[in-house]
Amino acid sequence: MNLELAMIARTVIIAGDAESRRLYESASATILVDSIQEAAVYLQQHGAVCLTEAKRTPRSWIMLAKHPDGLIAEYVQVVPE
C-alpha cells in the first residue's frame, strides 16, 4: 500500500506518497475497533458501504467505509506486538 502508520496515544498518523494517501485523505474520522471484521459486518447491516476491504499493515488492519449520511471514516484494528 506504500503507506506507513504511526500511533501516538489514540491518534493514527498516515504517511506515504500522495497517490497512496489519496483515498485515506477523504476520511473525516479514524475509529479504533477491537475487530475489523465485526465492524465491517455491523456497518454493512446498518447501511454503510465499505469502500475498501480490510487491509493488513504490519501493526494493524485498516478499512474505509462510507456511512449512510455520507461520512467517510477509516476503521483501524491495532494488532498487538
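Helices (H or I, at least four residues) and strands (E, at least two) are DSSP runs, numbered from the N terminus. This is a predicted model: local features need pLDDT of at least 70, side-chain atom pairs count only at pLDDT 80 or more, and totals for chains, interfaces and linings use all residues. Residues are numbered from 1 along each chain as its sequence is written, and side-chain values use heavy atoms, with hydrogens and water left out.

**Figure 1. The whole protein.** The protein holds 2 helices and 7 strands. Along the sequence, their order is β-β-α-β-α-β-β-β-β. The C-alpha trace spans about 30 × 30 × 20 Å along its principal axes. The radius of gyration, taken over C-alpha atoms, is compared with a globule rule of 2.2 Å times the number of residues to the power 0.38. For 81 residues, a compact globule would come near 12 Å, and the protein agrees, with 12 Å.

Figure 2. Buried means under 20% relative accessible area, exposed over 50%, and partly exposed in between (1.4 Å probe, protein chains only). Of the 81 residues, 32% count as buried. Accessible areas come from the Shrake-Rupley method with a 1.4 Å probe; for residues, only the protein chains shown count as cover. The accessible surface of the protein is about 5,300 Å². Carbon and sulfur atoms account for 52% of that surface. Lys and Arg count as positive and Asp and Glu as negative, while His and the chain ends are not counted. Each charge is placed at NZ of Lys, CZ of Arg, CG of Asp or CD of Glu. The mean positions of the 7 positive and 10 negative charges are 2 Å apart.

Figure 3. Helix H2 covers residues 36–45. Its buried residues are Ile36, Ala39, Ala40 and Leu43. Seen down the axis of H2, they fall within an arc of 100° (taken from the directions from the helix axis to the C-beta atoms), so they line one face of the helix. Glu38, Tyr42 and Gln45 are exposed on the other side of H2. The cover over the buried residues includes strand E4 (49–50), strand E6 (60–66) and strand E7 (72–78). Just after H2, glycine 47 has a positive phi of about 90°.

**Figure 4. Methionine 63 in strand E6.** Methionine 63 sits in strand E6. This residue is buried, with a relative accessible area of 2%. Contact means heavy atoms within 4.5 Å. Not counting residues up to four places away in sequence, methionine 63 touches Ile36, Ala40, Leu43, Cys50, Thr52, Glu53, Ala54, Ala73, Glu74 and Tyr75.

**Figure 5. Glutamate 74 in strand E7.** Glutamate 74 belongs to strand E7. At 2% relative accessibility, glutamate 74 counts as buried. Leaving aside neighbours within four places in sequence, its contacts are Ile14, Tyr24, Ala27, Ala29, Thr30, Ile31, Ile62, Met63 and Leu64. Serine 20 lies 54 residues away along the chain, and its C-alpha atom is 14 Å from that of glutamate 74.

**Figure 6. Threonine 30 in strand E3.** Strand E3 (residues 29–32) contains threonine 30. With 38% relative accessibility, threonine 30 counts as partly exposed. Its C-alpha atom is 16 Å from that of valine 79, which is 49 residues away along the chain. Glutamate 74 counts threonine 30 among its contacts.
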